[in-house]
Amino acid sequence: MINTNSVCAVVVTYNRLEFLKEGIQGILDQTTPPDKIIIVNNRSTDGTDAYLKTLHQPQIEIVTQENLGGAGGFHTGIKKAYEAGYEWIWVMDDDVEPFKDCLENLLKYKELSQCIHPLRIFSDNNEVFKWEHYFDYRICMPVLHHNISLENKDFCYVNTACFEGMLIHRDLVEKIGFPNKEYFIAGDDTEYGILANLHTNVMYTKTAAMYRKRANISYKIRPLQAYYEYRNIFLLRKNIRPYFPENFSSMFYKNLYRDFFSKVMMIIKGKEYPVSEKKLLISKMWKGIKDGKKIYKNK
């Protein structure tokens, strides 16, 4: 049975306990609170389990599973919310905290879009995360627009999605399914947004906002990120090709290797990376490309 106008918040967490506490409180304090909060714990090891056991609010449901990455967590959470009959599903990581009127303002656009995104602001320095971009299907990479559309209007449309605050309607979930667990991290929400854009105008607005947390300001590449970002480019290319059969070109490899060598040079020159870490990151990136090619060829 579908609960008309109901909202279920889905939060995926892994080893970010202090951020998680602030995020959950932010959801509970909403001027328009969700009817349900599903917290998917990817087997955290930092005390998250003990904290979750202290949450006795009747609207909170805890799901603990093996660490399936963000992709596996969002698959589980969105699936449970959909099967429980909620009309809207509000999705977020454990390192964001919504402003008190975030959900209220997102819902104001429900007649215009079935996939709506809030503005994100870094909590440590109030810098706006300029997420607006166009995803180019030919090269499987984003073309950044740096929020230029929001300078003179309250919202704009994009052609992809982000699981940091996305509000999605169940009708859209019925059409495109649940997030693909195979991504583990990186690219799962990109594919989800591409599919969503086939059925609705995916919206990005500055009138709804949430804080994005970070323990420290660092642009260092992490080993998992180094591997999965490149591996998943091929997975994404494989999965979306049936929808855009004529939109693929040799530009894909040209841009892929340009991006790869640019990152390699950044790592080599980066004083923040010790030599052993430089070797590890470059090898992870290259392995991601090799494994990605195998995935793509296994059609």
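Author: Gladly! Let's begin with a cluster: ring pairs join Tyr134, Phe135, Tyr137 and Phe244. Rings of Phe, Tyr and Trp (its six-membered ring) pair if their centres lie within 6.5 Å; planes under 30 degrees apart count as stacked, over 60 as edge-to-face and the rest as tilted. Please keep in mind that this is a predicted model, where local features need pLDDT of at least 70, side-chain atom pairs count only at pLDDT 80 or more, and totals for chains, interfaces and linings use all residues. Residues are numbered from 1 along each chain as its sequence is written, and side-chain values use heavy atoms, with hydrogens and water left out.

Reader: How many aromatic pairs does the structure hold?

Author: There are 20 aromatic pairs. In one of them, Tyr109 and Phe155, the ring centres are 5.4 Å apart and the planes lie at 65°, so this pair is edge-to-face. It links distant parts of the chain, 46 residues apart: Tyr109 sits in the loop between helix H4 (102-107) and strand S6 (115-122), and Phe155 in strand S10 (residues 155-158). Helices (H or I, at least four residues) and strands (E, at least two) are DSSP runs, numbered from the N terminus.

Reader: Is Tyr109 buried or exposed?

Author: Buried means under 20% relative accessible area, exposed over 50%, and partly exposed in between (1.4 Å probe, protein chains only). Tyr109 has 11%, so Tyr109 is buried, while Phe155, with 25%, is partly exposed.

Reader: Now the helices: at what angle do H7 and H9 pack?

Author: Axes are lines fitted to C-alpha atoms, for helices over the stretch in contact, and angles run from 0 to 180 degrees between N-to-C directions. Helix H7 (residues 223-240) and helix H9 (residues 275-297) pack at about 20°, their axes 7 Å apart. Angles under 35 degrees count as roughly parallel, over 145 as roughly antiparallel, 65 to 115 as roughly perpendicular and the rest as oblique. H7 and H9 are therefore roughly parallel.

Reader: Which residues of H7 and H9 make the contact?

Author: Contact means heavy atoms within 4.5 Å. Among them are Tyr227 and Phe234 of H7 and Leu281 and Met285 of H9. Tyr227 is buried too, with a relative accessible area of 14%.

Reader: And what about H6 and H7?

Author: The axes of helix H6 (residues 188-196) and H7 come within 10 Å and cross at roughly 20°. That makes H6 roughly parallel to H7. Thr190, Glu191 and Ile194 of H6 meet Leu236, Asn239 and Ile240 of H7.
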